[in-house]
Amino acid sequence: MAGAGLRAAARRWLPCRGHGGPRASSSTPSCPGCGPPGPGAHCPSAPRSAPAPAPAGGAEVSAHLWARYQDMRRLVHDLLPPEVCSLLNPAAIYANNEISLRDVEVYGFDYDYTLAQYADALHPEIFTAARDILVEHYKYPEGIRKYDYDPSFAIRGLHYDIQKSLLMKIDAFHYVQLGTAYRGLQPVPDEEVIDLYGGTQHIPLYQMSGFYGKGPSIKQFMDIFSLPEMALLSCVVDHFLGHGLEFDQAHLYKDVTDAIRDVHVKGLMYQWIERDMEKYILRGDETFAVLSRLVAHGKQLFLITNSPFSFVDKGMRHMVGPDWRQLFDVVIVQADKPSFFTDRRKPFRKLDEKGSLHWDRITSLEKGKIYRQGNLYDFLRLTEWRGPRVLYFGDHLYSDLATYQDAESQQVLAAWLKERQELRCITKALFNAQFGSIFRTFHNPTYFSRRLVRFSDLYMASLSCLLNYRVDFTFYPRRTPLQHEAPLWMDQLCTGCMKTPFLGDMAHIR
């Protein structure tokens, strides 16, 4: 919504931190007592001296390479002490852009997974119901019922190549991260992935997702609701492949997505939540605290959701109380996002307390009233809310090494490559055994991460993170180095001089 005059704040991602602090440049030493970065740079405070420039040949070259390898290994371990895990603070808010809350006068919210945080117990229910719809209504094999939801299988932001039945993680430059491509529940060998894409890991732009993650042949799964959808899609493909059943990839994909859609359209999910709100809705008291605090400071609030009024009303009564509508200046339900942001043809309709539609023309959006559908253009025109004074919260975006010739050098290279692969496997498993981190491939940001930076100014684990900051707090994005600004190569860095940044930076946050 940034392009339409509303700042977007995306949420519900595991917080990740970038590095900051002073940056070395070509004209300044990289630490006190050091000369300019370069081969043989020396730091008096380092525990051991940096290696000397490489000697001319033979065994000496090999010894030099091994020494450089061991130095870099020690440096990496120094940079990643056990305390680094404490940097992942779920109570913090992370900035992609400079935002001063002092300037924000209007706060907007989505409902599902924003005001209403749902328990993970909802995902197996969605998976099971959609699985049974496939069997009972789409006549899929009974054997599919043997599959249960695996919460550890998929992560947000993955792409699915419909024609190849591949679920995979793609980086910000449209390259598939090898080792993260799955057909069904089985990993696809790297060689096969490269062969499938014409001898490269790169996927052409015309095949990639469009503005809303829907490309001609590749779909990106962006929101939290997509986790059971990815799991079911993989299970169905796994069953067909495991039993040697022929299928059309496009038909299978559409049937699964339609079954997931039916769970929402038929109101099954709404029924589960309404039946047991204590089980499925989390942090309701914190949502109430956030809204009350903003109103107490004179802020205006609005709600735009795709969910029906009866469902939203019951949930808000549970979290906030029967007078929840008095907190909001505008309430819009069944907005039909994302077309709400782009389609100017759909007018606002007023609803009464029973959910019946009124026929009168809408010339203003009144506090305490309920409106259905509409479009962003009319919303901005009727409210005159736009620009940096508006902050909107929602859960959905939208938006190697030189080759050395002698045998000893090859051994050093092989050792480094082996250890690099081991470290990659360990790091990947820390997040998700199949796909790794939501935010990174091995060394590049994921496609999801790039979209997050592109379409949101702030991101956080939950709306309650706002309670940890003053209402006039200013968020600044962390300055991250460009490739030419702070390269972490041994010939430009003093061993032992670099410290892990910001270890105590989050101490003020609970």
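Predicted model: local features only at pLDDT ≥ 70, side-chain atom pairs only at ≥ 80, totals over all residues.
**Exercise 1. Work out how the span of helix H4 (residues 226-242) compares with the expected value.**

Step 1: Helix H4 has 17 residues, and the distance from its first C-alpha to its last is 24 Å. Helices (H or I, at least four residues) and strands (E, at least two) are DSSP runs, numbered from the N terminus.

Step 2: The expected span is 1.5 Å times one less than the number of residues. For H4 the expectation is 24 Å, and the helix comes close to that.

Step 3: Now look at its surroundings. Of the 17 residues in H4, 15 are buried, so the helix is mostly covered. Here buried means under 20% relative accessible area, exposed means over 50%, and partly exposed lies in between (1.4 Å probe, protein chains only).

Residues are numbered from 1 along each chain as its sequence is written, and side-chain values use heavy atoms, leaving out hydrogens and water.

**Exercise 2. Find which parts of the chain are tied together by Asp 110 and Lys 337.**

Step 1: Recall that side chains of opposite charge can pair when their charged atoms come close. A salt bridge is a side-chain nitrogen of Lys or Arg within 4 Å of a carboxyl oxygen of Asp or Glu. The whole structure holds 21 salt bridges.

Step 2: In the salt bridge between Asp 110 and Lys 337, the closest N and O atoms are 3.1 Å apart.

Step 3: Asp 110 sits in the loop between strands S4 (106-109) and S5 (117-118), and Lys 337 in the loop between strand S13 (330-333) and helix H10 (339-342), so the pair ties together parts 227 residues apart in sequence.

Step 4: Asp 110 is buried at 9% relative accessible area, and Lys 337 is buried at 17%.

**Exercise 3. Which residues are linked with Arg 145 in a network of salt bridges?**

Step 1: Arg 145 meets Asp 132 at 2.9 Å, N to O. Asp 132 belongs to helix H2 (residues 122-136), and Arg 145 to the loop between H2 and strand S6 (159-161).

Step 2: Arg 145 also forms a salt bridge with Glu 136, at 3.3 Å.

Step 3: Asp 132 is buried at 18%, whereas Arg 145 is partly exposed at 27%, as is Glu 136 at 41%.

Step 4: The network links Arg 145 with Arg 131, Asp 132, Glu 136, Glu 142 and Asp 148.
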